[in-house]
Amino acid sequence: PRPAGQAQVSLRIPLEVCTDTGLPSCQLLVRAIHNVLWPLEAWGRGWTCHWVEHDDAWGYCDFDRLRIELAPDLLTDRMDILIPTVAHELTHYRLGPEVPHGKSFNALESKLAFRLGVVYKQSATGKTAPTKGGSKHE
């Protein structure tokens with residue numbers, strides 16, 4: 001069942017390959033998803049997106065450097081969690097560093113993910129989000 005007032009959107013992901021990395025542009029990918037979620041709002045001034053390998057996370061929102069980092073493995077090994085991971089990092093971006101993982105964070109993340117066509121399975125402790133290596137660092 002669809003939550004009241006929530007519509008799923010058609011998502012076109014730009015996967016044009018950058019010549020310097022051989023990977024699609026992380027910036028274009030995340031900004032395209034941002035534009036679907038918030039079509040009337042400009043991308044945050046100074047924010048960038050990069051493919052960065054982390055041992056314990058698929059993505060990371062770095063508020064000090066104004067950047068969203070995504071693991072390049074998402075493109076090769078884990079396309080199934082690419083959109084949920086971007087939704088997760090955009091939730092951090094949207095709520096800011098002062099809002100930790102918790103009820104309000106999870107509620108917004110679930111709404112964003114649903115709009116992108118992702119429905120989270122619920123567990124007794126809340127939503128189940130993909131983690132890398134069993135870590136909770138996100």
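This is a predicted model: local features need pLDDT of at least 70, side-chain atom pairs count only at pLDDT 80 or more; totals for chains, interfaces and linings use all residues.
**Stop 1: Ser 25**

Select Ser 25. Ser 25 is buried, at 13% relative accessibility. Buried means under 20% relative accessible area, exposed means over 50%, and partly exposed is in between (1.4 Å probe, protein chains only). Ser 25 sits in the segment before helix 1. Helices (H or I, at least four residues) and strands (E, at least two) are DSSP runs, numbered from the N terminus.

Residues are numbered from 1 along each chain as its sequence is written, and side-chain values use heavy atoms, with hydrogens and water left out.

**Stop 2: the sheet**

In what order do the three strands of the open sheet run? The order is 1-3-2, with mixed pairing. Two strands pair if DSSP finds at least two bridges between them. Strand 1 and strand 2 are the edges, each pairing on one side only. From one strand to the next, the twist averages 15 degrees.

Look at strand 1 beside strand 3. They pair in the parallel sense over four bridges. Pick His 50 there: its bridge partner in strand 3 is Glu 69.

Then go to strand 2 and strand 3. This pairing is antiparallel, again over four bridges. Asp 62 stands opposite Arg 67 of strand 3. Helix 1 packs on the sheet and touches strand 1 and strand 3. Contact here means heavy atoms within 4.5 Å. The direction of helix 1 makes about 125 degrees with that of strand 1. Axes are lines fitted to C-alpha atoms, for helices over the stretch in contact, and angles run from 0 to 180 degrees between N-to-C directions.

**Stop 3: the hairpin and Asp 62**

Follow strand 2 into strand 3. The two form a hairpin with four residues between them. Click Leu 66 in the turn: it has a positive phi of about 50 degrees.

Step back to Asp 62, in strand 2. Is Asp 62 buried or exposed? Asp 62 is buried, with a relative accessible area of 9%. Its side chain reaches the backbone nitrogen of Asp 64 at 3.0 Å. Leaving out residues up to four places away in sequence, Asp 62 touches Trp 47 and Arg 67.

**Stop 4: the aromatic rings**

Rings (for Trp, the six-membered one) pair if their centres lie within 6.5 Å; planes under 30 degrees apart count as stacked, over 60 as edge-to-face and the rest as tilted. By that rule there are three aromatic pairs. In one of them, Trp 43 and Tyr 93 are stacked, 5.0 Å centre to centre with 15 degrees between the planes. Trp 43 lies in the loop between helix 1 (26-37) and strand 1 (48-51) and Tyr 93 in helix 3 (residues 82-95), so this pair ties together parts that are 50 residues apart in sequence. Trp 43 is buried at 12%, and Tyr 93 is buried at 14%.

Next, centre on Trp 47 and Phe 63. Their ring centres are 5.7 Å apart and their planes stand at 85 degrees, so the pair is edge-to-face. Trp 47 is in the loop between helix 1 and strand 1, and Phe 63 is in the loop between strand 2 (59-62) and strand 3 (67-70), so the pair links parts that are 16 residues apart in sequence. Trp 47 is buried at 11%, whereas Phe 63 is partly exposed at 25%.

Select Trp 43, Trp 47, Phe 63 and Tyr 93 together: they form one aromatic cluster.

**Last stop: Tyr 60**

Return to strand 2 and pick Tyr 60. Tyr 60 is partly exposed, at 26% relative accessibility. Draw a distance from its C-alpha atom to that of His 88: the separation is 9.1 Å, for residues 28 apart along the chain.

Key. A polar contact is a pair of N or O atoms within 3.5 Å; within protein, one must be able to donate a hydrogen and the other to accept it, and residues adjacent in sequence count only if both atoms are side-chain atoms.
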